[in-house]
2 protein chains.
Amino acid sequence: MHGLMPRKLARAAHLATAPRKPPRVRRRLADRREQLLDLGRALFNERSYDEISIDDIAAAAGISKGLLYHYFPSKRVFYVEGVRAAAAHMLDIVEPVDRDLPPIDRLRVGLDRYLDYVEANARAYATLFRSGMGVDAAVSTIIEETRERILARIVEGLGDPLRVIPPVVALVLRGWIGMVESASLDWLERRREVPRDILRDLLVTSAQTLVVAALERGST
Amino acid sequence: MHGLMPRKLARAAHLATAPRKPPRVRRRLADRREQLLDLGRALFNERSYDEISIDDIAAAAGISKGLLYHYFPSKRVFYVEGVRAAAAHMLDIVEPVDRDLPPIDRLRVGLDRYLDYVEANARAYATLFRSGMGVDAAVSTIIEETRERILARIVEGLGDPLRVIPPVVALVLRGWIGMVESASLDWLERRREVPRDILRDLLVTSAQTLVVAALERGST
């Protein structure tokens with residue numbers, strides 16, 4: 001994994017966690033870094049990647065370009081780190097608080113929160129999955145890891161009997177996650193006239209049907 | 001649309017169809033170009049985009065680099081044009097010959113051929129959807145157009161009563177196409193132990209269930 005990390009990115013990670021600084025300074029650096037990433041999330045949700053320059057980011061943050069480079073060595077690293085933070089944030093939001101809900105209700109609540117997130121970050125979401133720049137190796141790795149974590153949570157939500165998940169169920173659920181992404185994008189960009197609740201319910205029903213069908217077919 | 005075409009690409013298109021050459025020469029140029037793209041398809045199915053140089057392509061074709069540049073001004077243009085040719089080729093393969101089959105059988109046959117194609121072009125398929133370079137603006141446009149054409153064919157296959165497709169049906173079908181892509185990738189890369197017929201049947205069932213559910217929910 002570490003081998004995949006571009007040198008600049010490794011340097012950014014190093015800067016953020018440089019061990020030689022005293023704890024309070026480190027915390028302040030980390031907070032500042034997080035604030036910058038929050039700001040980036042807002043910026044990349046307003047304009048496309050290509051439309052935003054390092055100067056714009058520094059200006060919006062009210063700091064010098066030099067200081068910005070201290071935290072993030074390039075626009076690409078800033079974007080990649082922003083995607084990483086956004087993915088973690090999204091996972092936190094989606095996680096349903098009430099673990100006692102039946103699986104299907106947990107899925108419904110989770111999807112609702114996912115669609116909340118997607119709606120609130122429409123442009124950034126579209127950039128991530130659609131635009132030319134969205135997919136470089138580092139971003140692609142983050143997207144894949146996020147899908148795997150979503151899959152793990154769904155499987156966990158299915159309950160004990162499925163602790164060892166049959167490959168066919170994992171396969172249809174990975175497919176289903178792709179469906180959620182594609183349908184979300186299509187809904188955001190072109191078919192907002194479809195009520196969101198209907199989209200959510202259709203996605204829930206489809207997960208249910210797929211898992212049941214996979215279990216039936218998979219064991220034959 | 002034309003405005004989206006990078007200048008180099010426009011030049012390549014121009015070179016391939018330059019109107020001043022006599023018809024026989026033009027045809028020979030077009031044939032040669034197609035042969036080169038076929039070769040490219042094979043190369044990009046063996047190795048990743050970054051692993052293949054313009055020199056490799058020229059060597060494999062047995063022509064000089066200069067002559068290759070005559071057909072394609074850069075590796076990226078060569079790749080983009082290869083993706084365009086591959087998408088057209090895939091659509092031809094998937095199109096079921098027998099238009100009298102019931103919708104569900106047409107879908108099953110179409111999916112079978114799609115999976116044939118995906119299996120025969122596994123590495124290129126993964127590069128297209130997964131790797132860092134796969135998605136630039138030109139490639140992304142081709143992928144989107146291909147999805148739209150697949151959607152149009154499915155809708156056509158649903159028959160006359162649905163000539164005017166409700167948005168909710170279009171939405172779930174766009175989602176479904178995303179599921180087919182994600183499940184195909186996951187199957188190719190990680191879950192080949194699931195029999196292909198089972199994957200195909202689950203995808204067919206899911207399309208059927210989704211359309212029925214969308215029609216029910218969409219009209220309420």
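**A guided tour from helix α10 of chain B**

Begin by selecting α10 of chain B, whose buried residues pack against α9 and α10 of chain A as well as α6 (103–120) and α9 (167–189) of chain B. Helices here are DSSP runs (H or I, at least four residues), numbered from the N terminus. Two residues are in contact if their C-beta atoms, placed from the backbone, lie within 7 Å.

This is a predicted model, in which local features need pLDDT of at least 70, side-chain atom pairs count only at pLDDT 80 or more, and totals for chains, interfaces and linings use all residues. Residues are numbered from 1 along each chain as its sequence is written, while chains are lettered from A and ligands numbered from 1 in the order in which they are written.

**The helix itself**

Helix α10 of chain B covers residues 196–218, 23 residues in total. From its first C-alpha to its last it reaches 32 Å, close to the 33 Å expected at 1.5 Å a residue; the expected span is 1.5 Å times one less than the number of residues. Now colour the buried residues of α10(B), among them Leu199(B), Leu203(B), Leu210(B) and Val211(B). A residue is buried if 20 or more other C-beta atoms lie within 10 Å of its own, exposed if 12 or fewer, and partly exposed in between, with C-beta atoms placed from the backbone.

**Where the chains meet**

Next, show both chains: 38 residues of chain A are in contact with 38 residues of chain B. On the side of chain A that touches chain B, α8 (137–158), α9 (167–189) and α10 (196–218) each supply at least two residues. Of these, α9(A) gives the most, with 16 residues.

**The axis**

**Two domains of chain A**

Finally, colour chain A by domain: domain 1 (22–72) and domain 2 (83–219), with bounds from an automatic or database domain assignment. Their centres, taken over C-alpha atoms, are 29 Å apart. Each of the two domains of chain A brings 8 residues to the contact.
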